[in-house]
Amino acid sequence: MIHNFNAGPSILPNEVFREAADAILNFNNTGLSILELGHRTPVFTAVMDEARSLAKELMNLDDDHKVLFLHGGASTQFMQVPMNLLDLKDTASYADTGVWSSKAIKEAKLFGKIDVVCSSKERNYRFIPKDFAVPNDAKYLHITTNNTIYGSQWQSIPTTSNVLVADMSSDILSRNIDFNSFGLIYAGAQKNIGAAGVSLVVINEQILGKTKRPIPTIMDYRNHIAEGSMLNTPPVFAVYVCLLTLRWLKKLGGLSAIEKINNEKAALLYNALDSNDLFQTHVVKEDRSKMNVCFTMKNSDHEQLFQDFAKENGVIGIKGHRLSGGFRASLYNALPLSSVEYLVELMQSFSQKHG
Ligand SMILES: *Cc1c(COP(=O)(O)O)cnc(C)c1O
């Protein structure tokens, strides 16, 4: 048995893997693979329609908020957001809370003035800044709700009168929040909702159409909204895997149900880390991520030993990102509680041997 703590692409529910595999051979008893169907056939448009409406339902979105499935991963959104929302002379505010935030900032600078209103960089991204002001005339405030690499998370979403834009790649659909309070949300699918190759984007239509810049057809959100996410050939298989995961999530009881499980998993692992003398965590307690748990060992000689011990025992994907080092256990929606229990047992037996 393998316990998969990969940070992304990452674990998905077993039934999703099975149904996705079936669809490659014979999709919905059509006798055809989902990979050889026209994307404008009724069987596929039904997939896109259901995926968009399920996402809307799970996030409890109002009618101004449109759901899109777009190509290019979250990194494409780093540029597509400012291209659509910012003129060159305008200013947008960004919170710098980790590696992905800083990449979003770098790309946005190509499209306007970027004001970094807060940053935890000087303290190695150990916390989420709390006291900062956003200028009234900032076109939007961009935050990264969960910092995948350093393991911090906004536990409460900042209230602001500015348009709020969020990169939710690594905690989308993991908890109940007021998704309608955002002007724009984007998330690469490969962490919590599906296969690599597609991003979920949620946009409040009212924020669009306010810039003067000419926007290439494929980059203009309004065109994607008008065409129901079928402006060009969508990544059909990746969208289908998202649909299967959304169905699984709904069957489980939606965001309240998954949030409860995610809280339980994170509490179990953090308690084990806090009560074990060999391990230490990176992020201050109140800002700890429930999705990516980052930790190191007080004695760095132990790190390779624990890494090997985990691997021998079927735990994979806990090596930390090359920038942060140490370990990172990703506890996305599909990771079962039993895998966290198993990892905690391994930590305990390791510390009995080496403590
Ligand atoms: C993984 C990740 C990205 C990059 O996603 P791609 O789909 O590879 O472009 C961006 N932001 C966050 C928070 C991430 O975790």
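Modeller: Glutamine 77 is buried, because its relative accessible area is 0%, and a residue counts as buried under 20%, as exposed over 50%, and as partly exposed in between, with a 1.4 Å probe and protein chains only. The model is a predicted one, in which local features need pLDDT of at least 70 and side-chain atom pairs count only at pLDDT 80 or more, while totals for chains, interfaces and linings use all residues. Residues are numbered from 1 along each chain as its sequence is written, and side-chain values use heavy atoms, with hydrogens and water left out.

Glutamine 77 lies in helix H3, where helices (H or I, at least four residues) and strands (E, at least two) are DSSP runs numbered from the N terminus. Its side chain makes a polar contact of 2.6 Å with the side chain of tyrosine 221; such a contact is a pair of N or O atoms within 3.5 Å, and within protein one atom must be able to donate a hydrogen and the other to accept it, while residues adjacent in sequence count only if both atoms are side-chain atoms. Not counting residues up to four places away in sequence, glutamine 77 touches Leu70, Pro82, Tyr186, Val201 and Tyr221, contact here meaning heavy atoms within 4.5 Å.

Helix H3, residues 73–85, also gives the most to the shell around the ligand, with four residues. That shell holds 13 residues, and the closest are Ser75, Thr148, Asp167, Gln190 and Lys191; a residue is near the ligand if one of its heavy atoms lies within 4 Å of it. A polar side-chain atom of threonine 148 lies 2.4 Å from an oxygen atom of the ligand, and a polar side-chain atom of glutamine 190 lies 2.9 Å from an oxygen atom of the ligand. For alanine 74, a backbone N or O atom lies 3.0 Å from an oxygen atom of the ligand. The protein covers 87% of the 380 Å² of accessible area that the ligand has on its own, such areas coming from the Shrake-Rupley method with a 1.4 Å probe, and for residues only the protein chains shown count as cover.

Another helix to look at is H2, residues 42–58, whose 17 residues should span 24 Å at 1.5 Å a residue, in agreement with its end C-alpha atoms, which are 24 Å apart; the expected span is 1.5 Å times one less than the number of residues. Its buried residues are Phe44, Val47, Met48, Ala51, Arg52, Leu54, Ala55 and Leu58. Seen down the axis of H2, these buried residues fall within an arc of 165°, so they line one face of the helix, the arc being that of the directions from the helix axis to the C-beta atoms. What covers them includes strand S2 (65–70), strand S10 (199–204), H6 and H7. Just after H2, asparagine 60 takes a positive phi of about 55°.

In H7, residues 254–274, we find leucine 273, which counts as buried because its relative accessibility is 2%. Leaving aside neighbours within four places in sequence, leucine 273 is in contact with Phe279, Thr281, Val293, Phe295 and Met347.
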